[in-house]
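Please look at the sequence and the structure below before reading on.

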Amino acid sequence: MRIRENGYIINISQPLSCRDTGKFEAPSPEWKHDALTLDDTYELCVVTKGILYLKYRGETYSIHENQFLLIGPNEAPDNVRRGYNSSQCDFYWLHFYPPSGIQRIDMGSVDFSGLEAVSEIVIPDQGTLLYPEKVAIFMRQLQDTIRSNYSFLEINYLATLILCEISNQISMQKNEEEVQALTNAGIYNSIIDFIDDNLDKDLKLKTIANKFNYNEQYIARLFKISGGMSLHQYVLNQKVAQANYYLSETPLCIKEIARMLGYHDSHNFMKIYKRETGMTPSEYRNSFPNKLRYES
């Protein structure tokens, strides 16, 4: 699931303050979250089963299993969270007061590599946990700590640890996405180079996929996402551009140009060229009055 674009940046040089916590298990598939006011605390929900449907401040959230939601206080009357759909779900919840430093942030502007040095954590409004069982263990430990009458200091640090764990998992996820993006960029650039170096061949998707040892669907999707056009269209564009060079700068006949661009049938080449440019190869060649016109 894609992480929502906004979130919170929290300074944890001091621990947050845990007010209360618990685990809720919906009694039936017809259960819907009650309309409840969120006072001056922040609320973290971690869903362990089913889907929690929640509406708050005009936003609708569907929090699936192994996902979380973090929402902050708001002024009345827009401070009521309520269910908008029925669901039998289980989720942990935690209400806390943040330390002095907490603010809204655009997740796209976050430099995750520098957070540890400045004692800050970042948590999006909603996201998916890489290791949900670790967060569930901490949530159970927090409940046990409260029941065992541990000191507020220990309770608050354990609650802070839960948010640190979520922030760390989000950071790991972001780093994996960046590595994947770099990998995809490398593959994309290698495909571009391969196409440009082999315009004299019949460049089919299957040929290129086999060259790079990926399946055709993956290569087609990666190329479209990275380049904004299909691989097939890019190949056509490059072959037409190379044909234009041959037509305007060389005396090569159209049959020879077709062969040099991987077309065994010059009539097929001329058909494709006209479809892509709106004119025949001869019409393009003759459109350069200041150049020598070569017989086709």
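## Terms and basis

Two strands pair if DSSP finds at least two bridges between them. Helices (H or I, at least four residues) and strands (E, at least two) are DSSP runs, numbered from the N terminus.

This is a predicted model, in which local features need pLDDT of at least 70 and side-chain atom pairs count only at pLDDT 80 or more, while totals for chains, interfaces and linings use all residues. Residues are numbered from 1 along each chain as its sequence is written, and side-chain values use heavy atoms, with hydrogens and water left out.

Isoleucine 9 stands opposite valine 122 in strand 11. Strand 1 (residues 6-11) and strand 11 run antiparallel and are joined by five bridges.

An open sheet is formed by three strands in the order 10-1-11, with antiparallel pairing. Strand 10 (102-106) and strand 11 (120-124) are its edge strands, each pairing on one side only.

Strand 2 (residues 17-25) runs antiparallel to strand 9, with eight bridges between them; glutamate 25 has aspartate 90 as its bridge partner. Strand 4 (residues 42-49) also pairs with strand 9 in the antiparallel sense, over seven bridges. There, tyrosine 42 has phenylalanine 96 as its bridge partner.

## Helix 1

Buried residues in helix 1 (residues 132-147) include Val135, Phe138, Met139 and Leu142. Just after helix 1, asparagine 149 has a positive phi of about 60°.

Methods: Buried means under 20% relative accessible area, exposed over 50%, partly exposed in between (1.4 Å probe, protein chains only).
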